[in-house]
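This report concerns a ligand site and a pocket. The sequence and structure are shown first.

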Amino acid sequence: MKIVVFVKLVPDLVEELTVDPGGTTLDTTWLRMIINEFDDHAVEQAILLKEKTSTQVIVIAPDFDGVDEVLFTACAKGADQIIKLTGDFSSINNHALARAVASRIKILQPDLVLTGVQANNDIDGSIGPALAACLNQPFVGYVSGVTLEDNTAIVQKEYPGGVIAEMSITLPAVLGIQAAEQPPRYVAVSKVRQVMKTSNIDEQPLDELDNSGFPEVTRMFQSETSAHAEMITGSPDEIADRLVSVFKEKGILQRTNR
Amino acid sequence: MSQDIYVLIEHNQGQVAEISYVMLAAGRQLAGIHGSQLFAMLLGYQAQGLSLDIAADKLLYIDHPALKEFAQDAYLLTLTEIIKSRQPRVVLFGNTTIGSDIAGAVSIALGLDLASSCRYFTSDGKFVSQICGGKIMAEGNLSSGTTLLTMVPGGYKPEEGQSEHPPVIENFSPPVLDNLRIKNIKFIQPESFDIDISKESILISVGRGIQTRDNLELAENLANSLGGVVCASRPVIDQGWLPTTRLVGKSGKHVKPKVYIALGISGAPEHVEAITGSETIIAINTDPKAPIFDIATYGTETDLFDLIDVLVEKVEAAKAS
Ligand SMILES: Cc1cc2nc3c(=O)[nH]c(=O)nc-3n(C[C@H](O)[C@H](O)[C@H](O)COP(=O)(O)OP(=O)(O)OC[C@H]3O[C@@H](n4cnc5c(N)ncnc54)[C@H](O)[C@@H]3O)c2cc1C
């Protein structure tokens with residue numbers, strides 16, 4: 001079995017996000033990029049499958065600032081091969097990425113491709129279904145459990161309200177991972193450093209990127225809402241007092257403990 | 001190309017998903033702008049009954065055993081046929097477990113433009129999408145060809161997509177659906193051993209800001225003194241710190257308590273869509289730009305670790321007095 005995991009970096013939402021002076025993209029000057037958390041789950045799911053069956057795991061990521069560490073971390077977790085796609089990705093969208101990654105995947109011929117179900121900066125759909133269509137393979141997203149049997153994958157697909165569909169997919173296929181069966185494992189920085197010395201990132205240049213497939217954005221702006229919370233300021237003591245009076249107003253303090 | 005607006009009706013186990021009605025409301029607005037008709041597409045098996053309250057001019061019904069429940073490959077084959085033959089102006093999908101799985105594939109297969117996470121359309125028909133956990137909005141014009149969009153809830157009331165008059169049904173023959181590679185085996189219903197958070201009136205909800213499992217005790221203390229129940233955002237559940245029955249959000253429960261206290265929750269759209277029915281939302285978050293403050297009634301930027309113990313003491317004191 002061979003599994004390819006596609007991983008990308010996304011803006012860290014904890015940082016302040018600003019719009020580029022051009023007004024149609026994010027300002028990337030100070031943008032801190034981190035691994036898309038669902039891609040991290042996809043890596044974990046691949047490693048879990050490797051631990052159960054003898055599977056080769058290849059992790060592919062486009063070259064964004066910080067990608068080397070992400071790839072070496074995947075390697076420290078158990079990935080067998082790490083590939084960095086190089087090129088100019090400053091204004092790339094998922095359609096272009098899907099086409100480019102599909103061309104690599106056609107060469108690698110994996111049985112299964114895993115990627116995160118979505119990323120916070122997706123604007124032309126998530127990459128999984130586009131990738132699957134480029135490969136002419138079936139896709140199942142919102143997946144939170146995978147078992148492999150011969151040439152099929154049995155997956156748990158999430159529906160709203162906690163309902164789960166158990167499905168079987170004939171391989172090769174692409175899955176969009178929502179959550180791995182266990183939280184992504186932690187690897188010590190020292191282990192990642194060690195891996196950096198002993199393993200290599202396989203760099204593969206991508207030349208032509210075809211961004212078609214997305215309508216033009218004419219304006220990007222910070223979310224502005226008509227309503228905003230009434231902000232309570234002061235010391236923790238003062239804030240707690242105010243909140244207690246809110247609880248009283250709402251009539252929820254008379255209740256006895258359950 | 002026609003100017004008609006097409007909406008994919010989403011359903012699962014015999015129930016139409018709420019996002020379908022949100023899309024019908026949006027579709028109605030677009031049909032008004034383009035002076036055209038609103039079509040609903042229902043793919044199913046002996047499922048005409050699901051169409052009764054759908055507010056559309058026409059309902060295209062496609063009947064096939066392989067379409068009984070959602071399967072991406074069968075849907076993809078069917079939808080590409082419909083879109084090729086009808087050439088709509090716009091096709092709306094949910095940004096959901098169904099719509100997101102196929103919209104991108106239809107886009108690649110037919111070479112049509114796709115914009116995701118659209119929240120609403122402006123009065124002149126531009127789409128407005130939300131990205132970056134709801135912090136950034138992107139506005140754009142529809143493309144010149146058929147444009148595909150996935151929609152998130154929040155911009156339209158589902159009731160606006162419902163009607164007492166059933167739509168006119170038009171049957172559309174399904175394409176050959178053989179050699180399918182995806183099969184539904186069974187549906188697993190959520191566990192019901194736990195309390196039902198959608199029925200609770202005081203919820204203390206914890207997010208990633210709680211940092212560790214041990215810190216959940218803080219939330220439990222507050223819940224105990226207020227007579228409430230602890231629930232959580234997805235990252236906390238994925239860590240296994242609370243059972244999935246306590247998950248609030250798109251993939252968990254929608255809640256409508258009297259008071260919802262969000263501790264260290266950013267307010268991502270997948271979380272927010274499930275709490276807007278709360279009477280009062282109190283958000284405690286150190287990031288002044290956290291989107292949770294846009295929907296909360298009260299907010300404070302205080303560190304939750306400085307506040308909770310004090311708050312529990314004060315609640316206890318107030319109860320004793
Ligand atoms: C298909 C899909 C379905 C999903 N379904 C759900 C769902 O059902 N429910 C759900 O919740 N999410 C869901 N998500 C995930 C969602 O996108 C967000 O990732 C998630 O809601 C974020 O959780 P959070 O707010 O706890 O964490 P974060 O976004 O990481 O926010 C943590 C917050 O804590 C604050 N904070 C940190 N330290 C402190 C402190 N000491 N005091 C106060 N504040 C602090 C930070 O400022 C930050 O705003 C889904 C995602 C996908 C892709």
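This is a predicted model: local features need pLDDT of at least 70, side-chain atom pairs count only at pLDDT 80 or more; totals for chains, interfaces and linings use all residues.

Residues are numbered from 1 along each chain as its sequence is written, chains are lettered from A and ligands numbered from 1 in the order in which they are written, and side-chain values use heavy atoms, with hydrogens and water left out.

**Ligand site**

The ligand is surrounded by 31 residues (a heavy atom within 4 Å); Arg208(B), Ser233(B), Val248(B), Ser266(B) and Asn285(B) are the closest. The site is shared between chains because the surrounding residues come from chains A and B. By class, the shell comprises eleven nonpolar, 13 polar and seven charged residues.

| Residue | Protein atom | Ligand atom | Distance |
|---|---|---|---|
| Val248(B) | polar backbone atom | nitrogen | 2.8 Å |
| Ser251(B) | backbone N or O | oxygen | 2.8 Å |
| Glu270(B) | side-chain N or O | oxygen | 2.8 Å |

Of the 990 Å² of accessible area that the ligand has on its own, the protein covers 89% (Shrake-Rupley method, 1.4 Å probe).

**Second largest pocket**

The volume of the second largest pocket is about 920 Å³. Its lining has 29 residues, with Thr25(A), Phe89(A), Ser90(A), Ser91(A) and Ile92(A) nearest the centre. A pocket is an open set of points on a 1 Å grid over the protein atoms alone, where a 1.4 Å probe fits, with protein on both sides within 12 Å along at least five of seven lines; lining residues have an atom within 4 Å of a point. The lining divides into 15 nonpolar, nine polar and five charged residues.

Technical notes
A polar contact is a pair of N or O atoms within 3.5 Å; within protein, one must be able to donate a hydrogen and the other to accept it, and residues adjacent in sequence count only if both atoms are side-chain atoms. Ala, Val, Leu, Ile, Met, Phe, Trp, Tyr, Cys and Pro count as nonpolar, Asp, Glu, Lys and Arg as charged, and the others, Gly among them, as polar. Grid points are joined across faces, edges and corners, and a volume is the space filled by probe spheres set on the points.
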